[in-house]
Amino acid sequence: MITWFMQDLFVRHLVTYLLSLIGLLAHTQVLIENNHTPVVKIDKPKVSETINWNTLVPYAINVTDAEDGNSAYEEIAEKEVLLIVQYLENPSLVDDYLARINQDLVPLVAMSQSTCFNCHAATTKLIGPSFDLVAKRYSAKDNAKGYLMERLIIGSSGVWGEEKMPPNPDITEEEAGLIIDWILNQEDNPVQFYVGLEGAIRTPEVQSNSDKGVYVLTAAYKDHGSTSSLKNKKLGLQTITLRVK
Ligand code: HEC
């Protein structure tokens with residue numbers, strides 16, 4: 001009788017224990033998952049549009065994120081919204097291109113969440129040199145990567161002119177490595193990217209073999225996590241493919 005009673009008690013305790021464990025796990029799960037993925041939408045141009053060579057094509061992006069807010073109410077930092085534009089000679093190349101797009105997105109997103117785009121752009125000089133010029137200057141030099149990673153983190157002056165680059169202590173060594181690798185690659189065929197919710201895409205003069213060509217537009221925004229988990233940031237993106245003539 002006593003043993004039966006004790007067994008019963010033991011089983012009850014075990015059940016209570018297991019139930020609380022499951023509860024705890026479920027709770028943790030909620031904490032990890034309650035940051036939602038941002039919804040990024042390219043409102044302009046429309047997918048059905050054909051774009052022309054040698055023109056300015058207006059674009060507009062909308063971002064909504066359950067935690068960060070809605071770009072329509074100015075709750076999203078515009079400088080963290082990116083558009084990458086790529087011309088491909090044939091629609092059959094789109095899948096391969098998209099499979100590799102993280103190589104551009106990861107460093108660009110890291111830069112968009114820092115201060116880089118206040119002073120640097122792809123091919124035009126702002127306060128700092130354009131990335132294609134930085135690549136031209138260093139890509140053939142020994143230890144360019146190590147040198148530039150250090151300059152990036154501690155700041156730079158006296159190389160390009162009068163303006164100084166302040167230190168960038170928010171950039172981790174790992175991010176610095178990815179960013180500098182990416183910048184050093186921007187010499188010959190720089191990635192065409194735009195920062196902000198709206199603007200205009202400049203298309204070049206008509207390209208050869210362009211009868212099948214398409215433009216691929218990828219808009220992206222990485223959120224800031226949720227209050228319970230700032231590390232669990234999520235990237236939202238949308239890609240559209242447009243014909244060109
Ligand atoms: C306040 C403006 C400003 C910000 C913000 C800024 N830069 Fe710069 N950057 C400059 C200027 C100016 C120079 C040129 C400095 C010089 O002449 O040595 C420069 C130079 C550079 C260079 C070349 C360094 C060299 O020694 O030749 C790289 C690479 C670079 N910036 C990347 C970045 C990245 C990546 C970020 C963001 C993490 C960033 N910059 C943020 C203004 C800025």
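1. Of the 245 residues in the protein, 24% are buried. A residue is called buried if 20 or more other C-beta atoms lie within 10 Å of its own, exposed if 12 or fewer do, and partly exposed in between, with C-beta atoms placed from the backbone. The protein has six helices and nine strands, where helices (H or I, at least four residues) and strands (E, at least two) are DSSP runs numbered from the N terminus.

2. This is a predicted model, in which local features need pLDDT of at least 70 and side-chain atom pairs count only at pLDDT 80 or more, while totals for chains, interfaces and linings use all residues. Numbering starts from 1 along each chain as its sequence is written.

3. On confidence: the average pLDDT (the predictor's confidence in each residue, from 0 to 100) is 89, and 85% of the residues score at least 70. Strand β1 (residues 39-44) has the highest mean, 98, and helix α1 (residues 2-33) the lowest, 59. Where pLDDT is low, predicted coordinates should not be read in detail.

4. Among contacts with a separation of 6 or more, 71% join residues 24 or more positions apart. Two residues are in contact if their C-beta atoms, placed from the backbone, lie within 7 Å.

5. The axes of helix α3 (residues 102-112) and helix α6 (residues 173-184) come within 9 Å and cross at roughly 115 degrees. Therefore α3 is roughly perpendicular to α6; angles of 65 to 115 degrees get that label, those under 35 count as roughly parallel, those over 145 as roughly antiparallel and the rest as oblique. Axes are lines fitted to C-alpha atoms, for helices over the stretch in contact, and angles run from 0 to 180 degrees between N-to-C directions.

6. Which residues make the contact of α3 and α6? From α3 they are Val106, Pro107, Ala110 and Met111, and from α6 Glu175, Leu178, Ile179 and Trp182. Seven of these residues are nonpolar, none is polar and one is charged. Ala, Val, Leu, Ile, Met, Phe, Trp, Tyr, Cys and Pro count as nonpolar, Asp, Glu, Lys and Arg as charged, and the others, Gly among them, as polar.

7. The buried residues of α3 are Leu105, Pro107, Leu108, Val109, Ala110, Met111 and Ser112. They pack against α6 and the strands β5 (82-88), β6 (192-195), β8 (214-222) and β9 (235-244).

8. Pro58 lies in strand β3 (residues 56-65). Pro58 counts as exposed because it has 11 C-beta neighbours inside 10 Å. Leaving out residues up to four places away in sequence, Pro58 touches Lys44 and Ala200. Arg202 is 144 residues from Pro58 in sequence, with 8.9 Å between their C-alpha atoms.
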